[in-house]
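My entries follow in the order in which I looked things up.

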Amino acid sequence: MTRRLTPAERLASAEKDFLLETIAEQSSWDRFLVEQAVYAFGLRHDTFSANDVRDVLPEMSHGFLGAAINSLRSAGVIEHTGRVVPSTLDSTHGHRLALWRLSVKGLVIAEQRRARAQQRPAA
């Protein structure tokens, strides 16, 4: 038997759906930029969490952060370290966040980019 939602739960769900629709309406360019920011952060830090990356992104991009991390994880560019940290967002009440690092694949991509950059003639 399914439980009926309270009015507060229905309102919260409607607000969540609205926020997800707003995020989905943003361009793929925005999502690409957040993925690049996560990757760049990983290049400069041994490990990182969404807390770390969120602190360097503009607020409007925060909605893309989870999707960007998941996309990079699915592509094998980053990997979970097996450790977690508490979220620093008050609204999450300390929810646990994964600690990430670049995978071997992510490091190989970085090296390939460096090599290509070195091969380009100076302007």
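I began with S103, which is buried because its relative accessible area is 6%, buried being under 20%, exposed over 50% and partly exposed in between, with a 1.4 Å probe and protein chains only. I was working on a predicted model, in which local features need pLDDT of at least 70 and side-chain atom pairs count only at pLDDT 80 or more, while totals for chains, interfaces and linings use all residues. I noted too that residues are numbered from 1 along each chain as its sequence is written, and that side-chain values use heavy atoms, with hydrogens and water left out.

I placed S103 in the loop between β2 and α5 (104-119), where helices (H or I, at least four residues) and strands (E, at least two) are DSSP runs numbered from the N terminus. Setting aside neighbours within four places in sequence, I found S103 in contact with G76, V77, I78 and E79, contact meaning heavy atoms within 4.5 Å.

**Entry 2, the chain.** I listed five helices and two strands in the protein chain, in the order α-α-α-α-β-β-α from the N terminus. Of its 123 residues, 24% count as buried. Among contacts between residues at least 6 apart in sequence, 56% join residues at least 24 apart.

Which residues have the most contacts inside the largest nonpolar core? They are V34, V38, F48, V53, L65, I69 and I78, in a core of 20 residues; such a core is a set of buried Ala, Val, Leu, Ile, Met, Phe, Trp, Tyr and Cys residues joined through side-chain atoms within 4.5 Å. At least two residues of this core come from each of α2 (28-44), α3, α4 and β2, and α4 supplies the largest share, five residues.

I then followed F48, which, leaving aside neighbours within four places in sequence, is in contact with V38, F41, G42, V53, I78, A98, L99, W100 and R101. A search of the whole structure gave me one aromatic pair. F41 and F48 form this pair, edge-to-face, at 6.1 Å centre to centre and 70 degrees between the planes; rings of Phe, Tyr and Trp (its six-membered ring) pair if their centres lie within 6.5 Å, with planes under 30 degrees apart counted as stacked, over 60 as edge-to-face and the rest as tilted. Both F41 and F48 are buried.

I looked up the lining of the largest pocket and found 14 residues, with A50, R54, G66, T92 and L97 nearest its centre; a pocket is an open set of points on a 1 Å grid over the protein atoms alone, where a 1.4 Å probe fits, with protein on both sides within 12 Å along at least five of seven lines, and lining residues have an atom within 4 Å of a point. The elements giving two or more residues to this lining are α3 (50-54), α4 (62-74) and β2 (96-102), and α4 gives the most, four residues.

Last, I found H95 in the loop between β1 (78-86) and β2. Leaving aside neighbours within four places in sequence, H95 is in contact with V85, P86 and S87.
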